[in-house]
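Reader: Hello! I would like to learn how to read this structure, one feature at a time. Could you guide me?

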Amino acid sequence: MRRGGTWCCSLLALLLFLITTPQRGFATPPQKLVVLTWEEYFDPEIVADFTHTTGIVVKQVYFEDDAARDKLLADTNGRGIDIVCINEVALATYVDAGRFARIAPGKIPNRKYIAARWLAAYPAAQDYAVPYFWGSLGIAYRRDLV
């Protein structure tokens, strides 16, 4: 399971965006979407339900850490990857470099159900990502063992 970070792309919202956005070049919905993500990040039932509902197969490509994700994106120049799950820090780097496409808010009708607090948390990300997961990382230790 992914640890830490606060912003990630929402699989279902972005899949709907990709299916309905003309600049992606889909005259008809794709038969397969490739998602670059952490292993065990999405519940297999959700992915199966999406495939059952849309007929679109979701292929998940896994990475262990941010460096591995960045290397994979650099090695492939992003080709063959439709969706990237990413935290807010790395997102800003890719957006600044012009590597990610904008998301038209009207293409994600369920965005209205995301609390304004989360949409406002990272204003620069609003055009490129959808908040999916928020978390924090805590470190505990035993004073008698350290």
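This is a predicted model: local features need pLDDT of at least 70, side-chain atom pairs count only at pLDDT 80 or more; totals for chains, interfaces and linings use all residues.

Reader: Which residue does Arg69 meet in a salt bridge?

Author: The general idea is that side chains of opposite charge can pair when their charged atoms come close. A salt bridge here is a side-chain nitrogen of Lys or Arg within 4 Å of a carboxyl oxygen of Asp or Glu. In this structure the side chain of Arg69 meets that of Asp70, at 3.0 Å from N to O. Asp70 is partly exposed, with a relative accessible area of 30%.

Reader: How many salt bridges are there in the whole structure?

Author: A search of the whole structure finds 5. One of them joins Asp75 and Lys71, whose closest N and O atoms are 2.7 Å apart. Both residues lie in helix H3, 4 residues apart, which is about one turn of the helix. Asp75 counts as exposed, at 56% relative accessibility.
Another salt bridge brings together the side chains of Arg102 and Asp127, at 2.7 Å from N to O. This pair links distant parts of the chain, 25 residues apart: Arg102 is in the loop between helix H4 (88-96) and H5, and Asp127 is in the segment after H5. Salt bridges that share partners also join Asp66, Arg69 and Asp70 into one network.

Reader: How exposed are Arg102 and Asp127?

Author: Arg102 is partly exposed at 49% relative accessible area, and Asp127 counts as partly exposed at 32%.

Reader: You mention helices. How many helices and strands are in the chain?

Author: Helices (H or I, at least four residues) and strands (E, at least two) are DSSP runs, numbered from the N terminus. The chain has 5 helices and 3 strands. From the N terminus on, its elements run α-β-α-β-α-β-α-α.

Reader: In what order do the strands form the sheet?

Author: In general, strands of a sheet pair through backbone hydrogen bonds, either parallel or antiparallel. Two strands count as paired if DSSP finds at least two bridges between them. Here the 3 strands form an open sheet in the order E2-E1-E3, with parallel pairing. Strand E2 (57-63) and strand E3 (83-84) are the edge strands, each pairing on one side only. Strand E1 (residues 32-38) is joined to E2 by 7 bridges, and Leu33 stands opposite Val58 in E2.

Reader: Which helix packs on the sheet?

Author: Helix H3 (residues 66-76) does, touching E1, E2 and E3. Touching, or contact, means heavy atoms within 4.5 Å. The direction of H3 makes about 145 degrees with that of E1. For such angles, axes are lines fitted to C-alpha atoms, for helices over the stretch in contact, and angles run from 0 to 180 degrees between N-to-C directions.

Reader: What does Thr37 touch?

Author: Thr37 is found in strand E1 and is buried, with a relative accessible area of 0%. Not counting residues up to four places away in sequence, Thr37 touches Phe42, Gln60, Val61, Tyr62, Phe63 and Cys85.

Reader: And where does Ile81 lie?

Author: Ile81 lies in the loop between H3 and E3, and counts as buried at 14% relative accessibility. Ile81 touches Val34, Leu36, Leu72 and Leu73, again leaving out residues up to four places away in sequence. Ile81 and Val35 are 46 residues apart in sequence and 6.3 Å apart in space, C-alpha to C-alpha.

Reader: What share of the residues count as buried in the chain?

Author: Of its 146 residues, 37% count as buried. Among contacts between residues at least 6 apart in sequence, 73% join residues at least 24 apart.

Technical notes. Residues are numbered from 1 along each chain as its sequence is written. Side-chain values use heavy atoms; hydrogens and water are left out. Buried means under 20% relative accessible area, exposed over 50%, partly exposed in between (1.4 Å probe, protein chains only).
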